[in-house]
Amino acid sequence: MIGESEETPLLLKSEPPTRHSIWLQFSQGSRSVLLYQPQPIPLINKTLPSNGTTLLVLALLGIQVFYVFYRMPLSVPMLFVLADRTSLLFVANLPLLYLFAAKNQPIKFLTGYSYESLNILHRRLGEVMCLLALVHSAGMVGVWYTILRPVGFGLARFLLSKIILLGLGALVAYELIYLTSLGSFRQRWYELFLVLHVTLQIVALVLLWFHHHGSRPYVGVALAIFLVDRLVYRMALKVESSIASLEVTKDHGTVVLRTTIPLEQKHWFLKRLVGAGVAKGWTATEHVFLTVPALSRKHFIQAHPFTVASKAPQTGDLKAELKLIVRAQDGFSGDLLRYARGHTSVKVRLDGPYGSQNGLHMLEQCDVSIVVAGGSGIAVALPLVWAVHASHSVNDLEICQDMKSAPRTILIWVVREDSHISWLGSSEIQDLRDSGIEVMVPPPTAANGKPD
């Protein structure tokens, strides 16, 4: 360089890290640790959430333990205090439990986390509350044994008193909710789980209301959250009725349901604020709850979640096709398959859309996006690759020096049988390729084994 001697080093010493760079490294490192998902627990093969979610659940559990045992000696004379505290904590958690379970709630508007992300908090808090109810019941039995029994208050008289009977009824209802919410029960009898989950929690709230007058403000708030979510949102603001076509695919075990949704271009602020229905549009990876009243009377009140398997509408579109891929099993999906074999269309109700766009936002920041789908997972992957590809605007391509540095979107779809390709059709796969998306469909695994 001009003005520099031969003794000037060619590689200058790097400057010591600034406070800003140290903080940036710390924040990025902390974020990566919180996002990391550990391996499943050995022996029981229990899948664990991310470290950040685990810490949040532990903090929620720690708050419960703190409020139960704060400045309370563990002794027999304090049994009534223990029973009283656990009951107070149980009812205080009720509104939060229902808020975590609601499909439409302010937490998403404030934080961006959808109800699926909060569902783990709903389940863990529900488990803690069932334990609190058991401790409360055991504590009251202990109070009877240590205080009431010595003065001649018999067990039958104690159990048959109105306040105890109502409390035992609520206890049984909540413990049944817990048992029927276990993964093994849900997977085997999903429709029964839905009916029992709604029915038992309504019964439990009624019993809790009459069990003790101190619980009524909390029961009232929990019931209000439930009614606003179910009646105002899911049966009024966010529900759309439409005539959908039914197609049984070549594998004879899948139904493709299609319907055309006229889109409303106004009230965009309403959609952002309260989350309007599919007539206001949807985004990739979102899902809807499908109801088909024509199947039977029991299906009139049942709503089942399915991912929207079609390209999300763009700004300015006047209508959009909404497609659902329904793999037939037992219950609702089996009834829909049998109905589709004799009918080409049906009236449906669509409640939604719901879901998080975290995966979409992550892929939009990548130069190379690889989406791998297995079987019916294409319902999530297809709209996702369309959305990622659309996000790579023409301006992004113009700044690239050559096509090798242009953003790439790659879809790998692994199917078990060749007939499963009919879920999309060769024309839709060709549309993906024509748009610049790289699509790879390995030979079916049933005949060729897993792809290398």
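This is a predicted model: local features need pLDDT of at least 70, side-chain atom pairs count only at pLDDT 80 or more; totals for chains, interfaces and linings use all residues.
Author: Residues are numbered from 1 along each chain as its sequence is written, and side-chain values use heavy atoms, with hydrogens and water left out.

Reader: What makes up the protein chain in terms of helices and strands?
Author: There are 17 helices and 9 strands. Helices are DSSP runs of H or I with at least four residues, strands are E runs of at least two, and both are numbered from the N terminus. Of the 452 residues, 38% count as buried.

Reader: Why is Thr409 called buried?
Author: Buried means under 20% relative accessible area, exposed means over 50%, and partly exposed is in between (1.4 Å probe, protein chains only). Thr409 has 3% relative accessibility, so it counts as buried. Thr409 sits in strand β8, residues 408–414.

Reader: Which residues does Thr409 touch?
Author: Leaving aside residues up to four places away in sequence, Thr409 touches Ser369, Val385, Val388, His389, His392, Ile437 and Glu438. Contact here means heavy atoms within 4.5 Å.

Reader: And Glu247, what makes it partly exposed?
Author: Its relative accessible area is 33%, so Glu247 lands in the partly exposed class. Glu247 belongs to strand β1, residues 239–248. Its contacts, not counting residues up to four places away in sequence, are Thr254, Val255, Val256 and Arg258. Glu247 and Arg341 are 94 residues apart in sequence, yet 8.2 Å apart in space, C-alpha to C-alpha.

Reader: Why is α14 called roughly parallel to α16?
Author: The axes of α14 (residues 378–391) and α16 (residues 426–434) cross at roughly 25 degrees and come within 11 Å. That angle makes the two helices roughly parallel. The classes go like this: under 35 degrees is roughly parallel, over 145 roughly antiparallel, 65 to 115 roughly perpendicular, and the rest oblique. Axes are lines fitted to C-alpha atoms, for helices over the stretch in contact, and angles run from 0 to 180 degrees between N-to-C directions.

Reader: Which residues make the contact of α14 with α16?
Author: Leu382, Val385 and Trp386 come from α14, and Glu428, Asp431 and Leu432 from α16. By class, that gives 4 nonpolar, no polar and 2 charged residues. Ala, Val, Leu, Ile, Met, Phe, Trp, Tyr, Cys and Pro count as nonpolar, Asp, Glu, Lys and Arg as charged, and the others, Gly among them, as polar.

Reader: How do you know that the buried residues of α16 line one face?
Author: Those residues are Glu428, Ile429 and Leu432. Seen down the axis of α16, they fall within an arc of 100 degrees, so they line one face of the helix. The arc is that of the directions from the helix axis to the C-beta atoms. On the other side of α16, Ser426, Ser427 and Asp434 are exposed.

Reader: What covers the buried residues of α16?
Author: The cover includes β5 (319–327), α14, β8 and β9 (438–440). After α16 comes Gly436, with a positive phi near 105 degrees.
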